[in-house]
Amino acid sequence: MLRFLMRRTLGAVVILLIISACTFFLFYAIPRDPALLHCGKTCDPESLEIIRRNLGLDKPLTEQYWAYMAGIFTGRDFAVGPCPAPCFGYSFASNEPVWGTILDRLPTTVSLALGGAVVFLLLGLGAGMLAAWRRGGFVDKFLSSVSLVLSSLQIYFVGPLAIALLVYQLDLFRQPEYVPITSSPVDWFAGLLIPWVVLSLIFTAQYTRMSRSTLIEQLGEDHVRAARAKGLSGRTVFFRYAWRGSLIPIVTIFGIDLGALFGGAMVTEFTFTLPGLGRLAVDSVLDTDLPMLMGVMLFAATMIVLFNILVDAVYALIDPRVRLS
Amino acid sequence: MRSRRIRRARPVAVTLAVGALLLGGCSAGGGGASDDRGGGEPAEQRSPIEFADAEASTGPAEDVPGARKGGTLRVYQRDSYAHLDPAQIYVQDEMALAHLIHRKLTHVKLDNDGTYSVVGDLATDSGRPSDDGRTWTYTLKDDIRFEDGSPITSKDVRHTFERLFAPFITQGPTFVQQWMANKTGAAYRELLPDGPYEGDHLPDSVLETPDEKTIVFHFSEPRNDLPYALAMSGYAVVSAEKDTRQKYDKDPLASGPYKIESFRSGKSMKLVRNPEWDPKTDAARHQYVDGFDITFNHQYEDSTKRLLNDSGEARTAVSFTNAVDAGSYQRVMREAKDRTVSGYQSFVAQLAINTDRVEDVRVRQAIAYAFPSKPYLAPYGGPSGGELAGGLISPLLPGYEKDYDPFGKLKKPGGDPEKARELLEKAGKVGMKLTYAYRNSNEEQKASIAVADALEKAGFDVQRKELPTDTYYDLIGDVDNGYDIYVNNWGHDWSSISTVIPPLYDGREIQDGGSNYAHVDDPEINSRIDEVRGIADPEKSAKEWFELGKYILEEVTPAVPIFYYKHTQIAGSKVGGLVYNNDMSNLDVTKLYLKQ
């Protein structure tokens with residue numbers, strides 16, 4: 001297990017290095033000058049030169065990249081203030097420390113991701129199981145049709161519709177917003193309920209269809225038929241044999257989905273005006289804000305890589321046939 | 001003023017509209033019915049803003065009728081504040097905030113009767129000129145303090161102006177620095193390259209502070225607009241003792257009626273009362289509400305829907321600068337007109353014609369006749385987005401004449417292709433190729449089709465060239481840009497045409513990154529600019545500037561007027577004190593209160 005984790009961690013570091021280099025150097029391939037963001041009325045070549053110097057953009061690209069990467073481990077000093085490790089620099093746009101901003105936005109994203117995940121797992125797996133259990137029947141056809149409809153919906157369409165209906169028209173829910181769970185658990189829950197449900201709609205459809213198909217596949221496996229032949233009850237066969245066997249592909253996809261959501265659910269955050277990491281990523285692209293973009297990209301990539309390692313480790317627990325070799 | 005760049009990001013919509021007297025359609029519930037001009041009743045002619053004396057500059061400010069104290073106002077804003085250091089403030093959102101937390105030597109005050117005047121803010125009056133406007137003297141009021149209780153002295157004012165020369169100050173206005181150094185562009189920095197941080201200071205021949213209360217500006221040329229310029233948020237006072245250089249941008253010391261309790265960039269800001277602010281020293285601001293609870297990331301659609309539905313906290317909410325989105329405008333005016341304010345913004349949309357490439361004035365005039373102003377305005381929301389323009393000068397500026405329309409843009413807002421073709425034939429240029437550059441925004445993409453159609457009907461061969469919105473102004477700002485026509489939006493910095501004609505049409509200002517987008521270099525324009533600048537009498541100066549504008553448009557035609565930008569805002573039903581302020585180009589944030 002230890003060797004497995006060390007090997008995967010080493011691989012993850014290489015992947016993150018490649019992502020950081022790609023992001024950094026591709027950023028400079030974009031025909032936009034971050035210095036323009038800081039250029040006031042007198043935006044002549046002399047002013048731009050001063051700003052480039054202030055931002056450290058006058059140095060060679062490789063030197064800038066090295067300083068950036070070294071700063072993550074050793075920290076750096078900037079004119080706007082010190083930047084202790086892990087230092088991802090200061091935002092070009094807001095002059096705020098990147099790491100501090102990421103940590104500030106993280107609770108919103110984590111709340112959205114975890115709450116949404118609970119909803120779509122419960123609904124998706126539940127509906128998938130029911131459809132597989134009643135394969136070919138009305139319930140199966142109904143749930144399959146509903147999941148097809150849901151998978152074709154978009155958050156930016158359902159979101160405003162849900163607000164218009166549930167908040168403005170029927171006055172059943174609160175206007176979506178993020179309130180820290182530490183300041184009011186009730187407001188935290190009430191403020192995120194609509195985003196959770198809307199976010200989960202898309203995922204629910206995906207998980208319904210996947211869990212249905214893998215369960216049906218498992219129900220046709222030899223070991224399940226053997227269990228039936230032994231005279232075990234249908235419920236025991238379904239939950240103990242078929243369900244457990246169907247979990248591996250679901251856990252794989254769930255790990256990737258959750259990792260991606262931890263990196264920021266851009267469309268959901270935009271639709272519901274939630275200040276999370278997804279919104280931060282989009283803003284940093286629009287603002288030509290390299291330090292913030294690098295920080296968010298690296299954080300999101302780390303989340304995805306970490307969750308993948310975690311998923312691989314969980315395989316062994318789910319299926320004893322899998323060995324971490 | 002810097003051009004308006006239509007995009008979402010904060011550094012672009014740079015605006016300081018200094019308004020004028022008798023503003024039409026700018027009061028609560030304003031906006032008016034639409035007509036063929038596309039934006040309601042046209043404005044009347046303006047008079048110059050009065051420079052007020054000590055009596056008018058003495059606080060407290062006259063009460064807003066019906067106002068009461070107490071409560072916290074919710075504020076929905078689209079963009080977070082990138083800068084809090086006044087020296088770095090030059091965008092509309094930050095200027096609106098600055099009116100609440102920062103104070104300057106002068107301020108443009110809006111009275112209850114709609115009169116605007118430049119009053120002393122920290123200073124006892126709007127300034128005392130001598131030597132034909134080359135010297136200006138200011139005296140500080142008593143009992144003016146920063147939020148930490150320290151008194152504001154001439155030492156702070158000196159420090160405020162000296163730090164504007166430091167290399168890290170790159171985004172604020174540069175007028176006064178350039179006047180002090182008597183240099184154009186960024187060359188003013190040579191006067192004090194490190195700011196006051198390496199022990200150097202501005203010489204007494206430029207800035208004198210003989211005692212704790214007195215500040216004397218000395219300029220080489222008459223600077224009759226100084227009281228206007230000093231009213232810009234970018235010249236608000238910074239504490240000499242507590243200046244933390246770059247860090248000040250995140251944690252400034254307030255001098256206005258409110259101070260920052262907390263700020264989470266990109267998420268929220270809380271403002272609370274500043275107990276050190278003395279209303280007796282302030283002739284313009286109020287401190288009605290206990291505080292402001294601001295959240296960011298509210299797109300225009302979102303803030304409009306919340307405020308229009310007027311439920312829960314939205315009843316006590318407002319946005320300092322978010323406009324009513326074009327899609328909701330009709331519904332807002334139908335259902336909640338009494339909760340709206342509207343008025344002109346400082347920007348005028350105009351089509352610049354590259355005179356280096358389109359050399360024949362008859363061809364430029366043909367473009368002016370053919371241009372379809374009304375179809376161009378339609379994607380911007382029609383009447384909600386703007387009012388069709390007959391001239392290049394904003395209705396907010398003194399000297400503006402409302403019926404001025406030399407190319408019939410108001411009578412024939414769809415364009416006059418026949419007249420245009422006639423001129424083209426005379427010039428022998430029928431079929432002339434025109435490269436038309438435009439931004440790749442939704443509005444511009446839609447408008448470009450109408451523009452190309454109209455110009456082709458007149459006899460041009462139009463080649464459309466789409467440019468990225470973010471770099472649009474940098475691309476058209478290159479002298480050798482390779483395009484024939486392109487739209488730019490220009491807004492005045494204060495209530496004078498002197499902040500419009502020289503930057504746009506002075507041939508001596510042509511340079512890469514400059515704002516003479518048409519590259520017009522006409523000796524008559526250049527010499528008349530110098531003449532009018534020397535006129536001290538505001539009435540005469542305003543008239544002469546407008547006359548020069550007429551010469552430019554009719555005889556040289558380097559640009560085609562398109563429309564004057566307008567702005568409509570909505571508030572919750574419990575919000576009082578809704579007044580549109582032309583100086584701020586949005587509702588007056590200093591007059592807001594919560595009803596019972």
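Predicted model: local features only at pLDDT ≥ 70, side-chain atom pairs only at ≥ 80, totals over all residues.
Local features need pLDDT of at least 70 and side-chain atom pairs count only at pLDDT 80 or more, whereas totals for chains, interfaces and linings use all residues. Residues are numbered from 1 along each chain as its sequence is written, chains are lettered from A in the order in which they are written, and side-chain values use heavy atoms, with hydrogens and water left out.

**View 1. Domain 1 and domain 2 of chain A.** The domain assignment of chain A gives domain 1 (2-83) and domain 2 (98-324); such bounds come from an automatic or database assignment. Over C-alpha atoms, the centres of the two domains are separated by 33 Å. Contact (heavy atoms within 4.5 Å) takes in 18 residues of domain 1 and 20 residues of domain 2. The two domains bury about 1,700 Å² between them, 78% of it on carbon and sulfur atoms; buried area is the accessible area (1.4 Å probe) that two parts lose on being put together, summed over both. One salt bridge is counted between the domains, the term requiring a side-chain nitrogen of Lys or Arg within 4 Å of a carboxyl oxygen of Asp or Glu. A:Arg8 forms a salt bridge with A:Asp312, with the closest N and O atoms 2.0 Å apart. On the side of domain 1 that touches domain 2, helix 1 (2-29) and helix 3 (61-74) of chain A each supply at least two residues. Helix 1 of chain A gives the most, with 13 residues. Helices (H or I, at least four residues) and strands (E, at least two) are DSSP runs, numbered from the N terminus.

View 2. Eight of the nine residues of helix 2 (residues 154-162) of chain B are buried, that is, under 20% relative accessible area (1.4 Å probe, protein chains only). Among them are B:Val157, B:His159 and B:Phe161. The cover over the buried residues includes helix 3 (175-181), strand 7 (207-208), strand 8 (214-218) and helix 4 (226-230) of chain B.

**View 3. The interface of chain B and chain A.** Here 45 residues of chain B are in contact with 37 residues of chain A. The area buried between the chains is about 3,500 Å², of which carbon and sulfur atoms give 48%. Three salt bridges are found across the interface. B:Lys250 forms a salt bridge with A:Glu96, the closest N and O atoms being 3.9 Å apart. Helix 3, strand 9 (258-264) and helix 5 (300-309) of chain B each give two or more residues to the side that touches chain A. Helix 5 of chain B gives the most, with four residues.

Conventions: Buried < 20%, exposed > 50% of the residue type's maximum accessible area, 1.4 Å probe, protein only.
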